[in-house]
Amino acid sequence: MKNALPPLGWLRTFEAAARHLSFTGAANDLNMTQSAVSQQIKALESHLGKTLFHRRPRALELTPTGSTYLPVVREAFRTLTNGTRAISGPAKNVVQVQSNISFAVQWLSPRLGRFYDAHPDVLLNISTEIWEPRDMAEGADVEIRFSLGLADTVRGELLHREHYYPVCAPDYEVTLKGLHQHRLFDCANLMANFPAWAEDQGLPWPNPPVTYTTTYMACLPAVAAGAGVGMAHDIMAGDLIRQGRLIAPFEHRAPVPEAYYLLLSPQAEHSPGAQAFASWLRTEMAKEHCGGKAWPDELRFTC
């Protein structure tokens, strides 16, 4: 049975491991153990007679065979998804939405009531990850991605550019000169960080220790509780500032190298619900970040 197709579950596991370049990330996605993911990948490689991943000490890397096989597997899943939808029919106007977890919690979720008020016939299924996938999230109709840019293989549009700045609790005392002496919090792996903010205004920065977290959801609550000073950008900190839980103690704002992008899958072109959600996102972003009334004056920047 050399040419027999491998089990669908093995292919799903391969796609998830390739998307995260991590067996652990795939395990979290698929509600499996890391060991089970590893075993399924080994079984698939044995079935194919080819190695799909180079196992590095702290990460995975696709082999040339894996890089060739991945788009084939993804296209097969897209075909199955679209075919199933075509057969079952649009029983409900359901839209699959993907975003990073911080955007979903800090910005999207508090505004879902407004979306449903305007579109009561649309149902959103929201999936979140700490870091976005390289390509369009599997099965997603709409994705909001925070990234330096989009790969050539991904179709999308610029949704919003941000500014970043330090934030702290309203009663927390900090001066620009003594900032580096305070307990500092930041989200890891972003270019909009304390050293970059200091450099942008010519502020000497001795590179003090910083507490890094994998998501703003972990560091901003600590800052709001008075634990120190955090670095944040408009969408992450805006509501907290408006609610009086955070303040921006310094005037300087720097442009964020990364930006928010809106991605629509091919099937979204034929989905009224996906089109309605994408249109609402554009309008809501423009209203709140381009001179609308939802944000305080100090957070209104030129789009």
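E157 and R282 form a salt bridge (a side-chain nitrogen of Lys or Arg within 4 Å of a carboxyl oxygen of Asp or Glu), with their closest N and O atoms 2.8 Å apart. Because E157 sits in strand β6 and R282 in helix α9, the pair ties together parts that are 125 residues apart in sequence. Helices (H or I, at least four residues) and strands (E, at least two) are DSSP runs, numbered from the N terminus.

Keep in mind that this is a predicted model, where local features need pLDDT of at least 70, side-chain atom pairs count only at pLDDT 80 or more, and totals for chains, interfaces and linings use all residues. Residues are numbered from 1 along each chain as its sequence is written, and side-chain values use heavy atoms, leaving out hydrogens and water.

## Other charged pairs

The whole structure holds 11 salt bridges. One of them joins E284 and R114 at 2.3 Å, N to O, linking helix α9 to helix α5 across 170 residues. E284 is buried at 4% relative accessible area, while R114 is partly exposed at 38%. Here buried means under 20% relative accessible area, exposed over 50%, and partly exposed in between (1.4 Å probe, protein chains only).

## Strand β9

What about strand β9, residues 229-233? 5 of its 5 residues are buried, so the strand is largely enclosed by the rest of the structure. V229, M231 and H233 point one way, G230 and A232 the other.

Strands pair if DSSP finds at least two bridges between them. β6 and β9 pair in the antiparallel sense over 4 bridges, whereas β7 and β9 run parallel, joined by 2 bridges. G230 is the bridge partner of V167 and of F185.
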